[in-house]
Amino acid sequence: MKFLFASDSFKGTLSSEQIITLLDAAAKNVFPDCETMGIPVADGGEGTIDAVISVLHGSIHEVDVHGPLMEEVVSRYGETGNGAAVIEMAAASGLPMVPVDKRDPRVTTTYGTGELIKTALDRGCRDITIAIGGSATNDGGMGAMRALGIRFLDENGEELSGCGNDLARVADIDISGLHSAVKDARFTIMCDVNNPLTGPDGATYTFGKQKGGSPEILDELEQGMIHYAALIREKMGTDVDQIPGSGAAGGLGAAFCVFLKAEMKSGIETVLDLIHFDELLEGVDLVITGEGRIDWQSAFGKVPSGIGNRCRKKRIPAIAIVGGMGDKAEMIFDHGIDSIITTINGAMGLDEALERAEELYAGAAERAFRMVKAGMKISVR
């Protein structure tokens, strides 16, 4: 028997690496002669850099950049070799970087994300993949583009800093100073939302509240975003609201598509492509994946659905071991996952479940492999 372990982390309790260790021990307890292989996986959110760099044996580079409030911070990105880089915008412009009492999408910027991209370009990277979940920003990507050399000017020709407040003030866009390496680079954006830049389902009204925007602030920013979209249409000839995902990360998706000619792709599909997951499936008899909580959302761009769909194409069975099940979790069965096993083994509160996470996962892993062994006995009767 050959098993492949490819689970997302259980946020706040178990890392992907810890899960691999627990699965390996349980597998060899039930199948002493089995072969196991484990890889950390993420869906384009937190942990994406570490997962990809771990599998591809790449390198992590620390970079001094500016955070969402233009404070000096130390960020990081990964290089996987052959001129490829992986960046998480949340590592430079993420919401957790802003104290709750200072969250205001009018003043935050993606400038630091642009600095990460610039560093990768300066180091010779020409194949750059960027995860854009978890932003603190609503600046239309102006901050990031400014770090790459684009100038956003007000009516007096003065350069704007590139924050949410500037959306309504920008009168012209000067792209003449855009980093010279951009034209030779390929940009892939990990994005699992289809929101347009403006409107009721756009960047501001959909995501702005969680970034600290009151109804009055959101109305103000939306008018600015409408103005910004019109200016891009006038100056760049692109109607960004016709680009699915342009509203992602407070409009950063729009800037990437317009100024960097980036391609939007599913986060989990991008990660699986980067780590050559289909090749890892060769000769595998069973895949075990999972996440902390599985529900209807898991069928849309999360790790279990991405793994399950790839397994189904190869006709390899897949099991999801999860912390808990939520509403319509069974939808995952339509995405190549054959069974769900929860780690919870009795009545207990959340605090107890989190405290006993390792013990409970080990028990669930053993039950999973014993179930597989029972199935094998049935098949030979």
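Tutor: Here's a close look at one helix pair.

This is a predicted model, where local features need pLDDT of at least 70, side-chain atom pairs count only at pLDDT 80 or more, and totals for chains, interfaces and linings use all residues. Residues are numbered from 1 along each chain as its sequence is written, and side-chain values use heavy atoms, with hydrogens and water left out.

The pair is helix α1 (residues 16–30) and helix α13 (residues 357–379), packed at an angle of about 40° with axes 9 Å apart. Helices here are DSSP runs (H or I, at least four residues), numbered from the N terminus. Axes are lines fitted to C-alpha atoms over the stretch in contact, and angles run from 0 to 180 degrees between N-to-C directions. That angle makes α1 oblique to α13 (under 35 degrees is roughly parallel, over 145 roughly antiparallel, 65 to 115 roughly perpendicular, and the rest oblique). The crossing of α1 over α13 is right-handed, meaning the near helix is turned clockwise from the far one by less than a right angle.

Now the side chains. From α1, Q18, I19, L22, L23, A26, A27, N29 and V30 meet E358, Y361, A362, A365, E366, F369, R370 and K373 of α13, contact meaning heavy atoms within 4.5 Å. Sorted by class, that contact has 10 nonpolar, 2 polar and 4 charged residues (Ala, Val, Leu, Ile, Met, Phe, Trp, Tyr, Cys and Pro are nonpolar, Asp, Glu, Lys and Arg charged, the others, Gly among them, polar).

One more spot on α13 is G363. G363 is partly exposed at 28% relative accessible area (buried is under 20%, exposed over 50%, partly exposed in between, with a 1.4 Å probe and protein chains only). Its C-alpha atom is separated by 9.3 Å from that of L22, though G363 and L22 are 341 residues apart along the chain.

Conventions
Helix = DSSP H or I, 4+ residues; strand = E, 2+ residues; numbered from the N terminus.
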